Amino acid sequence: LLGVDLTLSQALAIDGTVVGLRTLGFMVPAAAGVQEVSYMLAAAVFRIPPAAAIGASFARRARDLVLGVGTLGIAAVGDTSSALLRLRS
Amino acid sequence: VRRGTIIALAIGVAAGAAAVIRAGAGAVAQALESLHVSGLLVMALLHLPIVVLMGLAWRLAAGEDPPASPARFLWARFVRDAAGEVLPFLYLGAVVFGVRALGRGRAIALGVVSACIDGVIELTAKLPYVLAALLTLLALGLQNHFTRLLSLALAATGVIVAGLIVAHRSLGASLGAMARVVSPVGRLCFPWTTAARAAMCKRASIGSSVSARAYRPASRCTSAAGVWAPARPGSSSGCSA
């Protein structure tokens, strides 16, 4: 989908590297920047263009944002409605 | 949010911006455009089984008498991940959100303990995965500058993870303190939690976490598939997952 030829073993190597480097940068909230640089470095090993690597990282962030905002939104609505119910009773 | 965290966030954002500038903002935007909404949807769908496995693993880490249903643990895991990715929190802040989503009273107390155990198992599971990545890099024969750099970084990760596993006892104490701040019920329950922690850790980490560990490699392999899917697969697949 990003226009990159990638085998599953290469994907395993890239994802494992990103997981490792994200763990190394545990002090940075949401691994901001750490994930992007990790993808770029890991992809460079397989001569994948940096733009595609950062695109993959941003796509992952977009996925997390979509799922995260949806989840936190539902949680907030649930918390508010249960608080209102407690107030009424 | 502590000042150190804000500084770390600023450095991270600056590094990310530098990476985008180096790669070319236009080229990055073009790569993202080629993904389309359908690609994003595929990525989100591929991620769901990972969260489900993580939620089930968390429930198994809660011992023989979990404080909530599997569905509740799944939901709490979703909230935990969402807080970690969307809000400017470190690991502990996200866990506090997850524990709050688990329920109240006993659920908070046991949620804190099980999250502590779950976190240690998660860290432990990362070690073989990162090692597999390193071995794959070396097996593919890519002995260049980047491989050496990544090998060093991954080795450092291994050392840090091992250190964190050794220091996991203080993690439980920190989680408990944060849970007390978040919830008055958690404040009442935490003395019991502290007393029960030793027994829980013995029971859960030896018994249930054996099963919980089984979920981790599966979720990590699914994670690799999540990277592979957005790319167009090449002709020679060396799949070992």
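**Close-up views of the A–B model**

**View 1. Salt bridge between chain B and chain A.** The side chains of B:Glu85 and A:Arg22 form a salt bridge, with N and O 3.1 Å apart. The model is predicted. Between chain B and chain A the count of salt bridges is one. Two residue pairs are in polar contact across these chains, both at pLDDT 80 or more. Several elements of chain B each supply at least two residues of the side that touches chain A, among them α2 (25-33), α3 (36-61), α4 (70-86) and α9 (184-228). The strand β1 (232-233) of chain B is also one of these elements. The largest share of this side of chain B comes from α1(B), with eleven residues.

**View 2. The interface of chain B with chain A.** The size of an interface is often given as the accessible area lost when the parts come together. Between chain B and chain A, the buried area is about 5800 Å². Carbon and sulfur atoms give 76% of that area. In residues, 73 of chain B are in contact with 62 of chain A.

**View 3. Surroundings of A:Glu36.** A:Glu36 belongs to helix α2 of chain A. Its relative accessibility is 3%, so A:Glu36 counts as buried. Leaving aside neighbours within four places in sequence, A:Glu36 is in contact with A:Ala31, A:Ile54, A:Ser57, A:Phe58 and A:Arg61 in chain A, and with B:Gly16 in chain B.

**View 4. Nonpolar surface patch at A:Phe26, A:Met27 and B:Leu164.** These three residues form a nonpolar patch on the surface, and their accessible area together is about 250 Å². A:Met27 is placed in the loop between α1 (8-24) and α2 (34-45) of chain A. A:Met27 counts as partly exposed because its relative accessibility is 43%.

**View 5. Salt bridge between A:Arg60 and A:Asp15.** The two side chains meet with N and O 3.7 Å apart. A:Arg60 lies in helix α3 (residues 50-88) and A:Asp15 in helix α1, both of chain A, so the pair ties together parts that are 45 residues apart in sequence. A:Arg60 is buried, with a relative accessible area of 12%. A:Asp15 is buried as well, at 1%. Over all chains, the structure holds nine salt bridges.

**View 6. Salt bridge between B:Glu122 and B:Arg77.** The closest N and O atoms of B:Glu122 and B:Arg77 are 3.3 Å apart. B:Glu122 is in helix α6 of chain B and B:Arg77 in helix α4 of chain B, so this pair links parts that are 45 residues apart in sequence. The relative accessible area of B:Glu122 is 11%, and the residue is buried. B:Arg77 counts as buried because its relative accessibility is 3%.

View 7. B:Arg80 and B:Asp118 form a salt bridge whose closest N and O atoms are 3.2 Å apart. Helix α4 of chain B holds B:Arg80 and helix α6 of chain B holds B:Asp118, so the pair ties together parts that are 38 residues apart in sequence. Both B:Arg80 and B:Asp118 are buried. Salt bridges with shared partners join B:Arg77, B:Arg80, B:Asp81, B:Asp118 and B:Glu122 into one network.

Terms used. Residues numbered from 1 in each chain as written. Chains lettered and ligands numbered in written order. Predicted model: local features only at pLDDT ≥ 70, side-chain atom pairs only at ≥ 80, totals over all residues. Heavy atoms only, no water. Patch = residues over 30% accessible without salt bridge, like charges linked within 9 Å, V, L, I, M, F, W, Y side chains within 5 Å. Areas by Shrake-Rupley, 256 points an atom, 1.4 Å probe, with all protein chains shown as cover. Salt bridge = Lys/Arg side-chain N within 4 Å of Asp/Glu carboxyl O. Helix = DSSP H or I, 4+ residues; strand = E, 2+ residues; numbered from the N terminus. Buried < 20%, exposed > 50% of the residue type's maximum accessible area, 1.4 Å probe, protein only. Contact = heavy atoms within 4.5 Å. Buried area = accessible area lost by both parts, 1.4 Å probe. Polar contact = N/O pair within 3.5 Å; in protein donor to acceptor, adjacent residues only side chain to side chain.
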